[in-house]
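Have a look at the structure first, then read on about its pocket and its charged pairs.

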Amino acid sequence: MVYTRKNQRNLTGAERKAFVNAVLALKRSGEYDEFVRTHIEFYVPDGDDGLRVAHMAPSFLPWHRQFLLEFERALQKINPRVTVPYWDWTRDNTPASSLWSEDFMGGNGRRGDFQVMTGPFAYAHGQWEVSVNVTEGRFLTRDLGRPKDPITLPTAADVSQALADPVYDMAPWNSTCRSGFRNRIEGWTTATGNARFRTHNRVHRWVSGAMLGAASVNDPVFWLHHAYVDSLWSRWQAAHRTAKRYLPEVAPPKGDPQHGQVAALHDPMPPWDIEPAALLDHSRIYRYA
Ligand code: CU
Ligand code: CU
């Protein structure tokens, strides 16, 4: 059965509750923290040597697609009706959005230490202790819009610009690519200040707190953000039916600085050893509404 991932703003109260409860159950069982660990392990920047599959690489999109599927399957073992909702941040682009309500993601962090004090993931409510982290912090933090150094969410125009690029990705297959859909969506630029981060990356900066960096999975909004990114990949494919759906098709040869560092179309991606080619079409698994 093909299931549907919905826009979070259209979920019923019961659907919101079911999603939150399944996430909390994964946290209790310790499985949630395994997802945090996996993301930290694969947070490899392109300055490092060796294979990088999750970020600053062509397989940013298929790697996170599989990561989302693994998470969704774990949720569905708890409640088969649950799917990962998506957050369209071009539309729900303020801290006043229902996304941040008490019965869903909870609100902004408080002043001073940015600790989230409301909702199911507030440390004080006893069900969400951050136990796998890259810092000492034990509680979820946010600083929505970062008022001291304000940053805005990406706009519909930013998304359209990325979707209009007819090429999936290009050499040198890292964070320095000036065009190509993958980096337009992943969002690295060589600019300075806020302009350094666009689209996907900019959303992590806007939420701030736990959403910055390797342990960003500690904020459950991570999944809603990445579901929207995944939906944009689907839209890009639909808009460019004759384009190569994934690049590179073959691995960069010996002598190429990216040799051994990026996953080509048929290279297995750790930790699941699934190739990007197996993740190009999700239409038999789920759809976006
Ligand atoms: Cu990631
Ligand atoms: Cu991300």
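This is a predicted model: local features need pLDDT of at least 70, side-chain atom pairs count only at pLDDT 80 or more; totals for chains, interfaces and linings use all residues.

Which element gives the most to the lining? That would be α7, with six residues.

Now for the charged pairs. How many salt bridges does a search of the whole structure find? The search turns up 16. Here are three of them, with the gap between N and O.

| Pair | N to O distance |
|---|---|
| R5 and D230 | 3.6 Å |
| E15 and K6 | 2.5 Å |
| D230 and R65 | 2.7 Å |

Let's start with the R5 and D230 salt bridge. It ties together distant parts of the chain, since R5 sits in strand β1 (residues 3-5) and D230 in helix α7 (residues 221-239), 225 residues apart. Are these two partners buried or exposed? R5 has 0% relative accessibility, so it counts as buried. D230 is at 3%, so it counts as buried too. The cut-off behind both calls is a relative accessible area under 20%.

D230 has another partner, because its side chain also forms a salt bridge with R65 under the 4 Å limit. This pair, too, links distant parts of the chain: D230 is in helix α7, while R65 is in helix α3 (residues 60-78), 165 residues apart. Both D230 and R65 are buried. Which residues do salt bridges with shared partners join into one network? They are R5, R65, E72 and D230.

The pair of E15 and K6 has its closest N and O atoms 2.5 Å apart. What about the exposure of these two residues? E15 has a relative accessible area of 26%, which means that it is partly exposed. K6, at 29% relative accessibility, counts as partly exposed as well.

Definitions and conventions. Residues are numbered from 1 along each chain as its sequence is written. Chains are lettered from A and ligands numbered from 1 in the order in which they are written. Side-chain values use heavy atoms; hydrogens and water are left out. Helices (H or I, at least four residues) and strands (E, at least two) are DSSP runs, numbered from the N terminus. Buried means under 20% relative accessible area, exposed over 50%, partly exposed in between (1.4 Å probe, protein chains only).
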